[in-house]
Amino acid sequence: MSDLTGIMAVTMIIWIGLFAYVYRLDRKVSRLED
Amino acid sequence: MNRVGLALKWFLFVWMVVVIWAAFMWIPSAEGFKGESSRIVFFHVPTAWVATLAFLVSCIASGMYLWRREPKYDFGAAVSAGLGLLYAVLATVTGAIFAKIMWGAYWNWDPRQTSITILLLIYAAYFALRSAVADPEKRATLSAVYSILAFVTVPFLMFIVPRIYFSLHPDVMTNADPDNSLDSAHLIVLLASLAGFTGLSVWLYSVGTRIEKIRHRRRQEVL
Amino acid sequence: MSRWLAEALAVAAKDLRAEFRTRVALNSLALFALTTLAAVSYTIGPYRLAAEDRPFLLSVLLWIVIFFAALAGLDRSFVKEEESHTAPLLRLAAAPTVVWAGKLLYNLVLIFVLMAMLAPLFCVLMGFEIAMPWRFVMVLAVGGYGLAVITTIVAAIIAQAMTRGALFSVLSLPLLLPLLIIVIEGTRAVAMGDLASFSESLRAMITMAGAMTIVSAFLFPIVWRD
């Protein structure tokens with residue numbers, strides 16, 4: 001089962017990274033708009 | 001960034017965290033699937049679905065552009081096509097991983113893999129067209145026309161080509177549509193994942209079109 | 001209605017007359033097709049393929065030659081108007097849908113001429129045995145029409161894009177791939193005498209060609225007017 005938790009951890013990390021990236025992009029764009 | 005938007009984004013974050021956890025921990029292994037490959041379905045099906053949705057939005061935005069000639073529709077068409085392409089790539093990759101676990105090969109040109117590859121080529125060509133036209137209005141018009149033509153093939157690729165393809169390659173293995181054999185727990189997670197991916201793409205679409213608007217505004221200011 | 005048809009035929013006739021004078025597109029089509037056929041025949045020949053693979057593989061090869069020949073020969077149907085500056089005159093002289101229908105007819109004639117030359121030659125050189133010859137002609141006809149419809153609208157798009165080279169193929173080929181799968185299956189079916197699969201393929205072909213016809217007819221005036 002640790003294999004599964006490993007893959008889940010990787011997926012989580014990918015999601016967190018993606019979210020952080022888009023969030024930062026969104027903030028930057030918001031600043032440019034104002 | 002306003003309050004509601006902020007709340008929604010954090011809600012999306014938590015939502016997807018729960019979905020990922022549920023897909024791996026809460027759901028038991030499914031029968032008929034080798035190993036834990038059934039879990040990939042929770043990510044594979046939504047990406048394929050959202051890709052199709054994105055291409056539809058691109059087609060509609062293209063139609064709106066041809067009707068109203070407002071640049072915002074062109075931005076929407078291009079951003080949506082790009083999102084569709086991105087999601088289609090994800091769908092291809094997750095599908096290939098699934099194929100590897102189930103049948104030992106990443107790629108065996110089964111009807112679904114073939115259809116998604118053709119879709120990738122069609123929308124990659126959309127961007128080839130866009131990069132070949134310098135004048136913004138002409139670029140918008142021509143790519144709008146192509147986006148509509150492209151979407152005409154989508155129903156064929158989704159429904160008709162797989163059936164015909166089967167006659168051509170009766171030996172190709174393909175999984176029975178996972179939606180059919182899912183119990184309620186699987187269905188809940190699948191739908192939740194679908195909602196999450198859709199929410200994500202709405203957000204990406206909004207960010208993408210805002211970027212295009214800024215670019216466009218900058219260009220106008222230079223002139 | 002008949003006035004519209006007469007005008008469309010006039011556009012097609014003008015193009016065909018010009019084409020038979022210079023034979024630029026025809027040469028591209030014919031040369032490409034014959035050279036590829038020679039290459040295929042030379043390397044594979046009528047004996048190399050196992051009997052059970054023949055209907056499928058020969059269908060694939062035939063249509064790949066046809067499609068690529070079409071891509072080689074049909075890219076200039078609108079570009080030549082822009083280059084010779086006859087496009088503005090054409091815009092004045094005929095309604096957009098008339099121009100579209102005329103160009104479509106022109107491309108159709110070229111494709112059918114290509115097929116008339118290529119298909120028999122292919123069958124002879126490759127030893128392609130076809131169980132249902134008349135239905136084979138139907139598959140060629142409908143498949144050829146689908147090919148013509150899609151290449152016509154794409155040719156119109158790239159003529160406006162003012163670029164040379166591969167853009168026509170880059171845009172056409174992905175759109176043609178679904179049709180390619182369907183016509184290959186239809187051809188395999190008629191080669192083997194599989195009536196059920198032939199009917200299904202024919203229906204799919206006609207549906208796709210019909211959908212593309214309607215959408216092209218609507219979109220062409222938009223591309224042309226620019």
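For the predicted complex as a whole, the predictor reports an ipTM of 0.90 together with a pTM of 0.90. Within chain C, the mean pLDDT is 90, and 98% of the residues of this chain reach a value of 70 or more.

Two pairs of chains touch, and of these the pair formed by chains B and C has the most contacts. Chains A and C, by contrast, do not touch, their nearest C-alpha atoms being 31 Å apart.

Chain B, which takes part in the contact with chain A and in the contact with chain C, contains six helices and zero strands. Its pattern along the sequence is accordingly written α-α-α-α-α-α. The C-alpha trace of chain B spans about 60 × 50 × 25 Å along its principal axes. Of the 223 residues in chain B, 42% are buried. Among contacts in chain B with a separation of 6 or more, 77% are accounted for by residues 24 or more positions apart.

The interface between chains B and C involves 27 residues from chain B and 30 residues from chain C. On the chain B side, helix H4 (111-132) and helix H5 (136-168) each contribute at least two residues. The largest share of this side is supplied by H5(B), with 18 residues. By class, the chain B residues that touch chain C comprise 23 nonpolar, three polar and one charged.

The contact between chains A and B draws 16 residues from chain A and 15 residues from chain B. On the side of chain A that touches chain B, eleven residues are nonpolar, two are polar and three are charged.

Taken together, the predicted model places chain B in contact with chain A and with chain C, whereas chains A and C do not touch.

Methods
Residues numbered from 1 in each chain as written. Chains lettered and ligands numbered in written order. Predicted model: local features only at pLDDT ≥ 70, side-chain atom pairs only at ≥ 80, totals over all residues. pLDDT = per-residue confidence, 0-100. Contact = placed C-beta atoms within 7 Å. Nonpolar A, V, L, I, M, F, W, Y, C, P; charged D, E, K, R; others polar. Helix = DSSP H or I, 4+ residues; strand = E, 2+ residues; numbered from the N terminus. Buried ≥ 20, exposed ≤ 12 C-beta atoms within 10 Å, placed from the backbone.
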